[in-house]
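Here is a friendly walk through a ligand site and the protein around it. Have the model open beside you as you read.

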Amino acid sequence: MIWILGATGRTGREIAAQVAARGGTPVLVGRNAERLHKTAAELGLADVEVIETDQPAAEIARRRPAVVVNTIGGYAETAVPIARACLLGGHYVDLANDLVAMPRLLTLHDEAVAGGSTFVTGAGFGVLGTEAVVAALCADRPTPTHVRVDSMASVAIDGGQLGEALAQSIVSGLTTGGRRYENGRMVPTRLAADPREHALPDGQTAKSAGGPTGELLAAHLASGAPDVVATSGLMPTAPVVRALLPLAGALLKIPVLRRFAVRRMAAIELKPTPRPREHSWGHAVVTWADGTVREGWLRAGEAMEFTSSAAAEVAVRLDRGEGRPGAYTPARALGPEVAEAAGGTTYQP
Ligand SMILES: NC(=O)c1ccc[n+]([C@@H]2O[C@H](COP(=O)([O-])OP(=O)(O)OC[C@H]3O[C@@H](n4cnc5c(N)ncnc54)[C@H](OP(=O)(O)O)[C@@H]3O)[C@@H](O)[C@H]2O)c1
């Protein structure tokens, strides 16, 4: 049984559908039984079990599901208690993509090993779509000196409210500031540093700039490179906006302003908008001390669809017992081929 926490949300409902499509048994978990039953009916999963609870960790510890997928967000606070509730033997997956939540989950590695559980953080387009490319480029090679990864998601907007989970993620990114690895250490940089316009393999173009994303950590772990830069197409690249980001980040560190911003942002009504490009792209350039440079790409469709497929694929594989005990990013837990199984195509020009 694969519990989906936050199953009424955008990603939760899609992951439930993808788990069922892969032959797994999803259980929809949330705070309101009526909304959960409505979601189940809309997904054509009217027979699946629903669990209403506002204490998911306690419920997990009591009923011991095989796998838990956490889509309730706020991962910096929710991931560790929910993952620990999965011990002993239960597995945990989340969609975190920031440099606060992901390291916290990864520090549970020894507990997970001792408990025979697999914890996977970053099961989404950004982390998996870039770490899978880095892992493929670095296979059977010595440790490189430099890695650059670029994550260029093409995201369709359904419409409706932005929601608190996403608002919290955006504000958390702004307050963290930029990061990169230098000489093996993660160091602060300007937010939206290293902007670049990319010529994509399908003839289109996309811009990206540096942010405090999980891609950075995952690329460092996948390569061992001392110098790593990670950029995202979701970061602003316009010079005026980039200039204002440090001020916005500083203001949002003030708790009352932060709470206000999250509330206001969560209530923003989004207009339905088609994805800007047909494909989402993960990209990596790896450089070795002897001057060798290798480049690779991962092509996916709509990024949220890839994310939902990735989380479902990881969950189903863990349910089948394919994981090894410990706390990992997705490709390190299950191999880079999990990105292909989630709908990505990797290649090197
Ligand atoms: N890494 C990636 O590529 C990626 C991609 C997409 C999303 N994400 C992240 O995944 C998370 C979910 O995104 P989303 O777009 O699916 O959000 P969403 O549509 O707002 O859904 C979140 C769901 O979680 C439940 N929830 C919210 N707060 C809760 C709480 N305190 N306790 C229990 N349940 C709670 C809500 O369900 P009820 O109110 O019905 O209980 C809601 O439906 C966000 O953190 C987002 O940043 C990551």
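Let us start with T8, which has a polar side-chain atom 2.6 Å from an oxygen atom of the ligand. The side chain of T11 places an N or O atom 2.5 Å from a ligand oxygen, and for the side chain of R31 the corresponding distance is 2.9 Å. A polar contact here is a pair of N or O atoms within 3.5 Å; within protein, one must be able to donate a hydrogen and the other to accept it, and residues adjacent in sequence count only if both atoms are side-chain atoms. The protein buries 80% of the 910 Å² that the ligand exposes when taken alone (Shrake-Rupley accessible areas with a 1.4 Å probe; for residues, only the protein chains shown count as cover).

Please keep in mind that this is a predicted model, in which local features need pLDDT of at least 70 and side-chain atom pairs count only at pLDDT 80 or more, while totals for chains, interfaces and linings use all residues. Residues are numbered from 1 along each chain as its sequence is written, and side-chain values use heavy atoms, with hydrogens and water left out.

## The shell around the ligand

There are 20 residues around the ligand, and T8, T11, R31, L95 and S169 come nearest (a residue is near if one of its heavy atoms lies within 4 Å). By type, the shell holds 7 nonpolar, 10 polar and 3 charged residues. In this count Ala, Val, Leu, Ile, Met, Phe, Trp, Tyr, Cys and Pro are nonpolar, Asp, Glu, Lys and Arg are charged, and the others, Gly among them, are polar.

Which element gives the most to the shell around the ligand? That is α8, with 3 residues. Helices (H or I, at least four residues) and strands (E, at least two) are DSSP runs, numbered from the N terminus.

## Two domains

The chain divides into domain 1 (2-124 + 305-344) and domain 2 (125-302), with bounds from an automatic or database domain assignment. Their C-alpha centres lie 23 Å apart. Domain 1 brings 26 residues to the contact and domain 2 brings 31 residues, where contact means heavy atoms within 4.5 Å. Why does the ligand lie between the domains? Both domain 1 and domain 2 give residues to its shell, so it lies between them.

About 2,100 Å² is buried between domain 1 and domain 2, with carbon and sulfur atoms giving 63% of that area. Buried area is the accessible area (1.4 Å probe) that two parts lose on being put together, summed over both.

Most residues other than glycine have a negative phi, and most peptide bonds are trans. L87 and L88 are joined by a cis peptide bond, with omega about -5 degrees; L88 sits in the loop between α4 (75-86) and β5 (91-94). D140 is not a glycine, yet has a positive phi of about 60 degrees, and its place is in the loop between α7 (125-138) and β7 (146-152).

E52 belongs to strand β3 (residues 50-52). Beyond its neighbours within four places in sequence, E52 is in contact with G30, R31, N32, A33 and L36. A polar side-chain atom of E52 lies 3.0 Å from the backbone nitrogen of A33.
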